[in-house]
Amino acid sequence: MSDYWRRKYEDAFAQFADACGARAFGLGRHALAILLKALDVNPGDKVGVCAFTCLAVVEAVKVCQAIPVYLDIDEHLCIDPQEILIQDRGSFKAVILQHTFGNPGRLEQNLSACNKIGAKIIEDCAHTLDCEWGSEWNERKLGTFGEGAVHPGGMLTVNSSRLLEKVDRQIERLALPTSAKSELLPAFLRMLYHPFSQSRLDCFLGYNYSRLRGLLRSRGSSFLKSDWPPLPGFSRLSGETKAKAGLKKLENWQKLQQTRLQNTAMIEEHFKDAGLSLCPRQPQAQSPKGANMTLMRYPLRVYKKWEKVHRAGIRGLDIAGWYNSPVHPLTGDDLTKVNYQEGSCPRAEGTIERLIHLPTGPSLNKHKLEEMIRIINGFF
Ligand SMILES: Cc1ncc(COP(=O)(O)O)c(C=O)c1O
């Protein structure tokens, strides 16, 4: 029975994303691990990742016993193409191009840099959906430029039937069906602590939950409790509840997309009036064909970042500061365990010190935005 809904969701998503095929998993990291294996990423292989990312991405690389290599970011918060170009040809098995907050950055240059060094391309579309990019790309959807992509909610898409067969072979070999725990716990955590928070109460709870986690961590508990989990059994397929919720989201997406575009325009208008800097865009994103680029979050660099995040949190306003490290939420020794050397990506580290971001979804309205701008400007 659960297979029926999962397959229905996968078919609908593949059509929606213009992909050759889709497979739905419990989490994005489950999908990414299977995709890496299907692309023949083997123990000891190097995989390029954005140095402004989260543990989910790196965990997938590590469970394949591959080595994440961190590539510093540009002003779009995406991989700087120069960082790929300086690598030796054949040195990376794959590069994960993360479209941070929905912005694919210098996509064209990154694609050509990956091709030059012979790295397979994976798109991380966890922050984006139905986002088309640039007239030169003939309005192709993000997620269709590489071999395959991961999308919000653990969806994997591939762009060739050959790769789909390989993905299915890896699913048969490595993935488990869903369990009640793997469906319900993530759903609960998402409700509390998620970039798509809705109400002031959600934001307030989410803010305090993340502070509590930070507090526990500083008392010695670690996000990396033990060795990496064994690969067979790491990935779980999506269950029925999640598949049904995913189908519903697809139905409502057009409306959400419209809201995000309107809110992005509202943020830009208010930021301009308040003298705050606007998010850098590629020229294509401003052209009529690229004008439907959707941002999940609107980034901004500020001074006294944590003071502002705190002031917003206690008022139930969704000004967020993640990622808090190049591999969020890891710090100190935990970063070394995932092969990140402090100081190795100075632009990412400098950005993290100052970056905050605002929601673009339905939780935002004019009144909340004006309150957020007062906090950003230091009026309270
Ligand atoms: C950049 C990025 N990639 C992938 C993921 C997928 O994470 P998860 O395994 O928690 O679904 C996330 C989650 O927010 C993310 O921010």
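By class, the shell around the ligand comprises five nonpolar, four polar and two charged residues, where Ala, Val, Leu, Ile, Met, Phe, Trp, Tyr, Cys and Pro count as nonpolar, Asp, Glu, Lys and Arg as charged, and the others, Gly among them, as polar. The model is a predicted one, in which local features need pLDDT of at least 70 and side-chain atom pairs count only at pLDDT 80 or more, while totals for chains, interfaces and linings use all residues. Residues are numbered from 1 along each chain as its sequence is written. The residues around the ligand are Leu27, Gly28, Arg29, Thr53, Cys54, Ala56, Val57, Gln98, Asp124, Ala126 and Gly154, a residue being near a molecule if its C-beta atom, placed from the backbone, lies within 6 Å of it. Two or more residues of this shell are given by each of helix H2 (28–38), strand S3 (53–54) and helix H3 (55–63).

The protein chain as a whole contains 14 helices and 11 strands; helices (H or I, at least four residues) and strands (E, at least two) are DSSP runs numbered from the N terminus. Of its 380 residues, 46% count as buried, that is, with 20 or more other C-beta atoms within 10 Å of their own, whereas exposed residues have 12 or fewer and partly exposed residues lie in between, the C-beta atoms being placed from the backbone. Among contacts in the protein chain with a separation of 6 or more, 76% involve residues 24 or more positions apart; two residues are in contact if their C-beta atoms, placed from the backbone, lie within 7 Å.

Lys308, Arg311 and Ala312 of H11 meet Met372, Ile375 and Ile376 of H14, a set of four nonpolar, no polar and two charged residues.

Within H11, the buried residues are Lys308, Val309, Ala312 and Gly313. These residues lie on the same side of H11 because they cover an arc of only 135° around the axis, the arc being that of the directions from the helix axis to the C-beta atoms. On the other side of H11, Trp306, Glu307 and Ile314 are exposed. Gly316, which follows H11, has a positive phi, near 70°.

Two individual positions were also examined. Arg23, in strand S1 (residues 21–24), is buried, with 30 other C-beta atoms within 10 Å. Apart from neighbours within four places in sequence, Arg23 is in contact with Glu10, Leu156, Val167 and Ile171. Gly44 is placed in the loop between H2 and strand S2 (46–50) and counts as exposed, having 9 C-beta neighbours inside 10 Å. Gly44 and Ile67, 23 residues apart in sequence, are 6.1 Å apart in space, C-alpha to C-alpha.
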